[in-house]
Amino acid sequence: MTATPRIAFLASTADDAQAACAKLVDRHGDVPPEDAEVLVALGGDGFMLQTLHRHGGLGKPVYGMKLGTVGFLMNHLALDGLLERIHAAEPAVLRPLEMLAETESGASVGSLAYNEVSLLRQTRQAAHLSIALNGQIRLDELICDGVLVASPAGSTAYNFSAHGPILPLGANVMALTPIAAFRPRRWRGAVLKADTEVRFRVLDPYKRPVSATADSHEVRDVVEVTIRESHDRTVTLLFDPEHNLEDRILAEQFTSG
């Protein structure tokens, strides 16, 4: 990265994010994402995920600053000293999950998830699912409100709220976590190797319809969903050394609020 890197500034639609973006562009200039050396995202975690989905394929590192409700993937906001912070930042390389969903209509829909892929019941009827790992059935029937597979970076989000485990970065694992499991009643899920292929089959898709969501991309009326860690896609997030992502994930395991 050059001493004065070419920066693409991206901001959420919130007024404070737009105002901060305008000030930073005035100071540092602005280039299109495809011409930048680093992307600076201004917003909350939702906007960071949106940025990764839109521009992750460019392979450019992303430095986020929090201007939203949740900012686990962001650094604190400061308009001064941005170039110094970018040069001192520590990288965290994330590998997303790949979802392939088959629907009742016969469509195949693929999507990436940097946090998690979740399956949820669409009606008042509980979902009935089977779970296969690497082609072998491990659970004949899970009766539940839903189930999710989370990456380490996403393990502190929906997964943690569903009582799933927090996973360290670099552990090469992912979390399989049920949501309000009814049968088996005390099943708490599993921690899987990152190269595991997880396949969910909806056992009664017409009476008990299920949707699948990769981060914010929802697919309705699925009959089968396959999830695996991506082999060829990574993204790099940049974090201030005093508050890097690995430290944040560790700290989450010692908080109760």
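# Salt bridges, cores and spaces

Mentor: Arg85 is buried, and Asp240 is buried as well. The model is predicted: local features need pLDDT of at least 70, side-chain atom pairs count only at pLDDT 80 or more, and totals for chains, interfaces and linings use all residues. Residues are numbered from 1 along each chain as its sequence is written, and side-chain values use heavy atoms, with hydrogens and water left out.

Trainee: What makes a residue buried or exposed?

Mentor: Buried means under 20% relative accessible area, exposed means over 50%, and partly exposed is in between (1.4 Å probe, protein chains only).

Trainee: How do you know that Arg85 forms a salt bridge with Asp240?

Mentor: A salt bridge is a side-chain nitrogen of Lys or Arg within 4 Å of a carboxyl oxygen of Asp or Glu. The closest N and O atoms of Arg85 and Asp240 are 2.7 Å apart, so the pair meets the definition. Arg85 lies in helix H3 and Asp240 in the loop between E17 and helix H5 (245–252), so parts 155 residues apart in sequence are tied together. Helices (H or I, at least four residues) and strands (E, at least two) are DSSP runs, numbered from the N terminus.

Trainee: Why does Asp80 count as exposed?

Mentor: The relative accessibility of Asp80 is 56%, and the limit is over 50%, so Asp80 is exposed. Arg27 has 46%, which falls in between the two limits, so Arg27 is partly exposed.

Trainee: How do you know that Arg199 forms a salt bridge with Glu224?

Mentor: The closest N and O atoms are 3.9 Å apart, so the pair is still within the limit. The link joins distant parts of the chain, with Arg199 in strand E13 (residues 198–202) and Glu224 in strand E16 (residues 222–229), 25 residues apart. Arg199 is partly exposed at 34%, and Glu224 is partly exposed at 24%. The search of the whole structure finds eight salt bridges.

Trainee: What makes a set of residues a nonpolar core?

Mentor: The set must consist of buried Ala, Val, Leu, Ile, Met, Phe, Trp, Tyr and Cys residues joined through side-chain atoms within 4.5 Å. The largest such core has 29 residues, and Leu119 and Phe200 have the most contacts inside it. Strand E8 (residues 127–133) gives the largest share, four residues. A second, separate core has 24 residues, including Ala8 and Tyr114.

Trainee: Why is a space called a cavity or a pocket?

Mentor: On a 1 Å grid over the protein atoms alone, a cavity is a set of points where a 1.4 Å probe fits but cannot get out, whereas a pocket is an open set with protein on both sides within 12 Å along at least five of seven lines; lining residues have an atom within 4 Å of a point. Grid points are joined across faces, edges and corners, and a volume is the space filled by probe spheres set on the points. The structure holds one cavity of 30 Å³ or more. The largest cavity has about 40 Å³ of space, and helix H2 gives the most to its lining, with three residues. The largest pocket has a volume of about 260 Å³. Among the 18 residues lining this pocket, Val93, Leu94, Arg95, Gly170 and Glu229 are the closest to its centre.

Trainee: Why is Asp215 called buried?

Mentor: Asp215 has a relative accessible area of 13%, and the limit is under 20%, so Asp215 is buried. Asp215 lies in the loop between strand E14 (210–214) and strand E15 (217–219), and its phi is near 55°, a positive value in a residue other than glycine. Asp221 also has phi near 55°, but Asp221 is partly exposed at 30%.

Trainee: What is omega for the peptide bond from Arg183 to Pro184?

Mentor: Omega is near -10°, and the bond is cis. Pro184 is in the loop between E11 and strand E12 (190–193).
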